[in-house]
Amino acid sequence: MWYLPQCHLTHTKKLGYAMNLEYYNPTRLVFAPGALTRLGALARPHGVKALIVTGGGSVKRNGTFARAVASLKAAGVDFAECAGVEPNPRITSVTRGTATARAEGCDMVIALGGGSVMDAAKVMAAAFYYDGDPWDMILHGQPKPYIPTKALPVITVPTLAATGSEMNCGAVISNAKTQEKSFVQSECLYPVLALVDPELTISVPKDLTAYGVCDLITHVTEAYFNGVDGTPVQDRFAEAVILTAMEWGRRAIAEGNNLEARTQVQYDSIVALNGWVNSGTNGGFPVHLIEHTISAYHDVTHGAGLAAINPSWMRFAARHNTKKFVQFAERVFGLKSNGAEDLECALAGVDRFEAFLKSIGCPTSLSELNIDDKLFSRYVDDTLRVLHDQNGRLPGRPAMSEADIRS
């Protein structure tokens, strides 16, 4: 994922250095190693038959699915299943899952998987009450998107530390037919429960662990660099999330069975995008929006796509917002500047960040993903069609023109 996290801020205005915000997140979080055993007891108050949504099959191969089903059955909860949700979840999977939920009389949805599974499950839950095409909900340049106001209760059980989708109100869905990938946000998409068991991430391979670390870091760097001035508490929150991800992410990648490392990264990913860190910053998410377009065409792993784009965007933005990038360089990497407008220090911080991404095995250029510049004009057009400001630019700090994005 991702998108603009405005569903967490029901009212916010840019008033210079004055913050004006409301924070709202109704999701109950239950976080503990071994928490999966509580799934049935915690799900039972929300219904008697769940649609269990899963991905490519790893939860069945490693026994997670069987344990989840056993817990549900012990609590008297029946289930139907929608398996095979793709890494960039397709609208066709949403339609298929919605049809299953209706046919089977499901009264809640349980997402057992990574961010893609959780996103698809949220949209299935909303589509259950919508007679039209679920793609109407996804912002893709249509004159009037359908914003859902009602959904089945959603319970998220993440098996990957990355998107933070378990505790927010957004979802990103792809349309393979039209080569589009975009988002929906609505308060009705907040899960009623996020049951987070870090033990479920032990089996995640190194590359996906690394991409998840990049994903969660990018969630906070987007708001950190693109938000309003005068947010010192949020800045410190963001820097703590980044430093925690770098420290414990390295360990989780190097030592996959290190439960402490997995636990710290898991909680870090939740905090990165449950609205708390970026509350009041009101920042855009240009890196995510560009990545959505790229992965719509090339079906790359989301975190890998972010890693390939973010350093280049940072070098562009550092020339327009040098002071904030100097702060990043000093506080995150311990560099010393000659002053707030020290561009050399700002860019050195970006270099350090890029080196970190490389050190954990992430690509840092589109060429590493075998993507050339042949379709750049189309990428730009598609990105701006999804979201642009009154001047036709991609929101961010600075807002990006067509030429900026293309470069």
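Visitor: Is Cys214 buried or exposed?

Guide: Cys214 is buried, at a relative accessible area of 1%. Buried stands for under 20% relative accessible area, exposed for over 50%, and partly exposed for what lies in between (1.4 Å probe, protein chains only). Cys345 also counts as buried, at 4% relative accessibility. This is a predicted model, in which local features need pLDDT of at least 70 and side-chain atom pairs count only at pLDDT 80 or more, while totals for chains, interfaces and linings use all residues. Residues are numbered from 1 along each chain as its sequence is written, and side-chain values use heavy atoms, with hydrogens and water left out.

Visitor: How many disulfides does the structure hold?

Guide: A disulfide requires two cysteine sulfur atoms within 2.5 Å. The structure holds zero of them. For Cys214, the closest cysteine sulfur is that of Cys362, and at 5.0 Å it is too far for a bond.

Visitor: How do I read a helix, and what span does H4 reach?

Guide: Helices (H or I, at least four residues) and strands (E, at least two) are DSSP runs numbered from the N terminus. The expected span is 1.5 Å times one less than the number of residues. Helix H4 covers residues 91–104, which is 14 residues. From first C-alpha to last, H4 reaches 20 Å, close to the 20 Å expected.

Visitor: Which residues of H4 are buried?

Guide: An α-helix has 3.6 residues a turn, so residues three or four places apart point the same way. In H4 the buried residues are Ile91, Ser93, Val94, Gly97, Thr98 and Ala101. Viewed down the axis of H4, they fall within an arc of 150° and so line one face of the helix; the arc is taken over directions from the helix axis to the C-beta atoms. Thr92 and Ala103, on the other side of H4, are exposed.

Visitor: What do the buried residues of H4 pack against?

Guide: Contact means heavy atoms within 4.5 Å. The buried residues of H4 pack against strands S2 (49–53), S3 (78–82) and S6 (170–175), and against helix H5 (115–127). Just after H4, Gly105 has a positive phi of about 70°.

Visitor: How many salt bridges are there?

Guide: Side chains of opposite charge can pair when their charged atoms come close. The rule asks for a side-chain nitrogen of Lys or Arg within 4 Å of a carboxyl oxygen of Asp or Glu, and the count comes to 16. One of them joins Arg90 to Asp299, with the closest N and O atoms 3.4 Å apart. Arg90 is in the loop between S3 and H4 and Asp299 in the loop between H9 and helix H10 (302–318), so the pair ties together parts 209 residues apart in sequence. Arg90 is buried at 18%, and Asp299 is partly exposed at 41%.

Visitor: How many residues apart are Arg251 and Glu247?

Guide: They are four residues apart in helix H7 (residues 232–254), about one helical turn. Arg251 is partly exposed at 35%, as is Glu247 at 40%.

Visitor: Where do Glu354 and Arg315 lie?

Guide: Their side chains meet in a salt bridge of 2.8 Å, N to O. Glu354 lies in helix H12 (residues 343–359) and Arg315 in helix H10, so the pair ties together parts 39 residues apart in sequence. Glu354 is buried at 14%, whereas Arg315 is partly exposed at 23%. Elsewhere, salt bridges with shared partners join Glu180, Asp382 and Arg385 into one network.
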